[in-house]
Amino acid sequence: MDAETVVRGYYRAIDDHDYEAFADLLAPAVVHHRPDRTIEGRETLVTFMRDERPDAETSHEVDRVFADATPGDGDATVAVRGRLRDATGERLFAFVDVFSVADARIAEIETFTR
């Protein structure tokens, strides 16, 4: 699976509340740097997304995906620009997520919001 497919699957799994698929996309030692906290480890990130998010009834609207893959080694950096919407479709905030993907798993995420 290429890095862009992995990253698109990340948003789909979160929006669909498919936490088994979500976990499968993450490296065991994944780190997610968010504006409000840093989350370390696959199980901790899955628990946060499933049980601790401020609003779990959201959807990610992806505008653009930028991928920079290193041929042959399976590593890539993928940046995604989009918006998070609530259950009514109202925009909560804009975001850019920068993913480091290694061996078809997300190793690191850095989130920027406005």
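Trainee: Let me start with Ala104: how exposed is Ala104?
Mentor: Ala104 counts as partly exposed, because its relative accessible area is 26%, where buried means under 20%, exposed means over 50% and partly exposed is in between, with a 1.4 Å probe and only protein chains counted. Please keep in mind that this is a predicted model, in which local features need pLDDT of at least 70 and side-chain atom pairs count only at pLDDT 80 or more, while totals for chains, interfaces and linings use all residues. Residues are numbered from 1 along each chain as its sequence is written, and side-chain values use heavy atoms, with hydrogens and water left out.

Trainee: Okay, and where does Ala104 sit?
Mentor: Ala104 is placed in the loop between β5 and β6, and its phi is positive, at about 65°, although it is not a glycine. Helices (H or I, at least four residues) and strands (E, at least two) are DSSP runs here, numbered from the N terminus.

Trainee: What about Asp103, what is its phi?
Mentor: The phi of Asp103 is near 55°, which is again a positive value in a residue other than glycine. Most residues other than glycine have a negative phi. Asp103 is also found in the loop between β5 and β6, and it counts as exposed because its relative accessible area is 62%.

Trainee: Phe99 makes me curious about the inside, so which residues touch the most other members of the largest nonpolar core?
Mentor: Tyr10, Phe22, Phe99 and Ile106 do, out of the 27 residues in that core. At least two residues each come from α1 (3-15), α2 (19-24), β1 (26-33), α3 (42-52), β4, β5 (91-102) and β6 (105-113), and α1 gives the most, with seven residues. A nonpolar core here is a set of buried Ala, Val, Leu, Ile, Met, Phe, Trp, Tyr and Cys residues joined through side-chain atoms within 4.5 Å.

Trainee: Which residue does Asp63 pair with?
Mentor: Asp63 forms a salt bridge with Arg83, and their closest N and O atoms are 2.5 Å apart. This pair links distant parts of the chain, since Asp63 is in strand β3 (residues 59-69) and Arg83 is in strand β4, 20 residues apart. Salt bridges that share partners also join Glu61, Asp63, Arg83 and Arg85 into one network.

Trainee: And which residues form the negative surface patch?
Mentor: Asp16, Asp18, Glu20 and Asp24 form it. Patches of this kind take residues with over 30% relative accessible area and no salt bridge, and join like charges within 9 Å. Asp24 lies in helix α2 and is partly exposed, because its relative accessible area is 44%.

Trainee: Which residues gather in the patch of positive charge?
Mentor: On the surface, Arg64, Arg81, Arg91 and Arg114 gather in that patch. As for the counting, Lys and Arg are positive and Asp and Glu negative, while His and the chain ends are not counted. Arg81 lies in strand β4 (residues 76-85), and at 41% relative accessibility it counts as partly exposed.

Note on methods
Patches are made of residues with over 30% relative accessible area and no salt bridge: like charges are joined within 9 Å, nonpolar side chains (Val, Leu, Ile, Met, Phe, Trp, Tyr) within 5 Å. Accessible areas come from the Shrake-Rupley method with a 1.4 Å probe; for residues, only the protein chains shown count as cover. A salt bridge is a side-chain nitrogen of Lys or Arg within 4 Å of a carboxyl oxygen of Asp or Glu. The place of a charge is taken as NZ of Lys, CZ of Arg, CG of Asp or CD of Glu.
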